[in-house]
Amino acid sequence: MKKFTIKNIKMGLVALAIAGFTTACDVTELTPANLIPDSEAFSTAARIESAVLGVYESAQRGYYNNAVQRGYPFGAANVEQGDMRGEDMYNDQLFYEITYVGSYSPNSANNNGMWISLYRMINRLNIILENLDIAVADGVLTSEQGDNYKGEMLFLRALAHHELLVHFARPYSDDPSSLGIPYRTFGIDDVTKVPDGEAVGRTTVGEDYTQLLADLDAAESLLSEDDAFRANKGAAIALKSRVKLHMGDWAGVLTEYNKLTSMYALTANPATPFRGGNSSDNIFSFVNSAEANPGVNGALPSMYGNPDLGARGLVKISPIIWRSEFWHEEDTRRSALTTRSGTGIFTDKYQDATTYTDPNVILRFAEVVLNAAEANARTGKLAEAVTLLNSVRSRALPASVPAYTVAGLGNEDGVLTAIFNERRIEFLAEGRRWADIHRLSGEGRMSGVPAKATSRSITNIDFYTTDREIPMDHSIDYSSHLFVWPIPLAELQTNNTAPIQQNPGY
């Protein structure tokens, strides 16, 4: 399988024409705009590779408010929206206000952009999936090439649908029979197929998770072990670990973890996964480059970086987590992965505020380890849980700081609390906080979105370094309709065949 190079990325731009600008019947543009007919688009191996890279391109740059290059859905937006829905990263300007304070509506741009860009990505990959067997039968691809491409598309389809589920549906941990999202398994490359696409309604959350696992099981069986910038076998397994965590399938989480222990390892330095792409901890990332990136209004180093270092600095680390008792003062993640200015503390996970080449890391082995720690704790294996927890935590602490013990943490709830807190530290500024709020609120361990530092109020470093009172606001109770995003109004208005149901309260 080809590696991602600048040349490959530029080829992916061509694939926007090959795969078509068609939608999955979830945006206003329902007329396809194929510039190359399918009979030609899949007629050579090079064109198929370009079409596949076009799916990665649509994931990296996507669609936002009638424009591209804002990082929707996976170039940066999944991180930024995931963080802004939680309390550990802080909104410093108006830019992310709607998400941060929870004032979104069926017309607001961020939630609409996520829905539209995800379904456009899904439609493109479904078109490819439908043509791969034909290409193999015609001798354009070998069986091995066809299988690997199929595995890539199935992995990306599962990743996209799970992102939709955590934003637009209630969690599996609450009620698997609640309304899910339309799970698209076929492509729309001709206007005559639009009614069939519109007829795909909202299935249940449980049915969606069943399809997620079917896609990922197939992907695992088809994919090879490749580098972190292409969908690979390890990525399919790691995503299954995440999905099964949301389902409360603790035995399943441990099964997936055990598959990966010989393939990946934690890095001794917590900064390593963010300094160069491939490492033993990096399982899957979306690549960004100087030529193709989310741009100044979307890129992670621009949005999250320190303005003293050339970034826009619209999102800081919140003083809530910085001053928390559970984040040890000597933790190297406080020094090696942050910078500070006179107005606050910023993540340093993303550093290229000039050409925005930092990859968006989607799956790390550290997440799989902490998933397994939680699964062990949930099934009464507290010693095993604490050992895994310490493998992540202790690598960031000097030897003088004692590791956690079961006795010190007290009981299962104490161990789980330590694991949840460690996830907040380890994945800070990686967009994972919302997913944890979502699933833990569903099972009653959280009551919804916690109170956050009041938007645009943290104006001085004193909020981090002293006991200055932190103004708090923007909590959302789990019972509120605002806990989940609304289905975009455009989706409801343009579906002429079988309009889907809006989330209650909108």
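Colleague: Which residue's side chain does Glu426 meet in a salt bridge, and at what N to O distance?

Modeller: The partner is Arg333, whose side chain meets that of Glu426 in a salt bridge at 2.6 Å, N to O; please keep in mind that this is a predicted model. Glu426 lies in helix H17 (residues 412–426) and Arg333 in the loop between helix H13 (319–322) and strand E4 (338–340), so the pair ties together parts that are 93 residues apart in sequence.

Colleague: And are Glu426 and Arg333 buried or exposed?

Modeller: Both Glu426 and Arg333 are buried, and for Glu426 the relative accessibility is 2%, which is why it counts as buried.

Colleague: Which other residue meets the Glu426 side chain in a salt bridge?

Modeller: Arg395 does, with an N to O distance of 2.9 Å. This pair also links distant parts of the chain, since Arg395 sits in the loop between helix H15 (382–393) and helix H16 (406–409), whereas Glu426 is in helix H17, 31 residues apart. Arg395 has a relative accessible area of 16% and is therefore buried.

Colleague: What network of salt bridges do these residues belong to?

Modeller: Arg333, Arg395 and Glu426 are linked in a network of salt bridges with Asp281, Asp331, Lys349, Arg364, Glu422 and Glu430.

Colleague: Where does Glu430 lie?

Modeller: Glu430 is found in the loop between H17 and helix H18 (433–442), and it counts as buried because its relative accessibility is 6%. Its side chain makes a polar contact with the side chain of Arg364 at 2.8 Å. Setting aside neighbours within four places in sequence, Glu430 is in contact with Val79, Asp83, Phe274, Lys349, Tyr350 and Arg364.

Colleague: Different topic, then. Where is Arg170, and which backbone oxygens does its side chain reach?

Modeller: Arg170 is placed in the loop between helix H7 (143–168) and helix H8 (194–198), and at 23% relative accessibility it counts as partly exposed. Its side chain reaches the backbone oxygen of Tyr478 at 2.5 Å and the backbone oxygen of Ser480 at 2.9 Å.

Colleague: What else is Arg170 in contact with?

Modeller: Leaving aside neighbours within four places in sequence, the contacts of Arg170 include Ser178, Leu179, Val205, His438, His481 and Phe483. Arg170 and Ser441 are 9.6 Å apart in space, C-alpha to C-alpha, although 271 residues separate them in sequence.

Colleague: Now the nonpolar side of things: how many residues are in the largest core, and which have the most contacts inside it?

Modeller: The largest nonpolar core has 107 residues, and those with the most contacts inside it are Phe155, Leu156 and Phe284. Helix H6 (residues 109–137) gives the most to this core, with 13 residues. Not counting residues up to four places away in sequence, Phe155 touches Phe284 and also, among others, Leu216, Ala219, Leu239 and Leu363. A second, separate core of 31 residues includes Met84, Tyr90, Tyr100 and Leu314, and Met84 is also one of the buried residues of H4.

Colleague: And the protein as a whole, how many helices and strands does it have?

Modeller: It has 20 helices and 10 strands. The radius of gyration is 22 Å, close to the 23 Å that the globule rule gives for 506 residues, so the protein is as compact as a globular protein of that length. The C-alpha trace spans about 65 × 45 × 45 Å along its principal axes.

Colleague: What share of the residues count as buried?

Modeller: Of the 506 residues, 63% count as buried. Among contacts with a separation of 6 or more, 73% are accounted for by residues 24 or more positions apart.

Technical notes. Residues numbered from 1 in each chain as written. Predicted model: local features only at pLDDT ≥ 70, side-chain atom pairs only at ≥ 80, totals over all residues. Heavy atoms only, no water. Salt bridge = Lys/Arg side-chain N within 4 Å of Asp/Glu carboxyl O. Helix = DSSP H or I, 4+ residues; strand = E, 2+ residues; numbered from the N terminus. Buried < 20%, exposed > 50% of the residue type's maximum accessible area, 1.4 Å probe, protein only. Contact = heavy atoms within 4.5 Å. Polar contact = N/O pair within 3.5 Å; in protein donor to acceptor, adjacent residues only side chain to side chain. Rg over C-alpha atoms; globule rule 2.2 N^0.38 Å. Core = buried A, V, L, I, M, F, W, Y, C linked by side-chain atoms within 4.5 Å.
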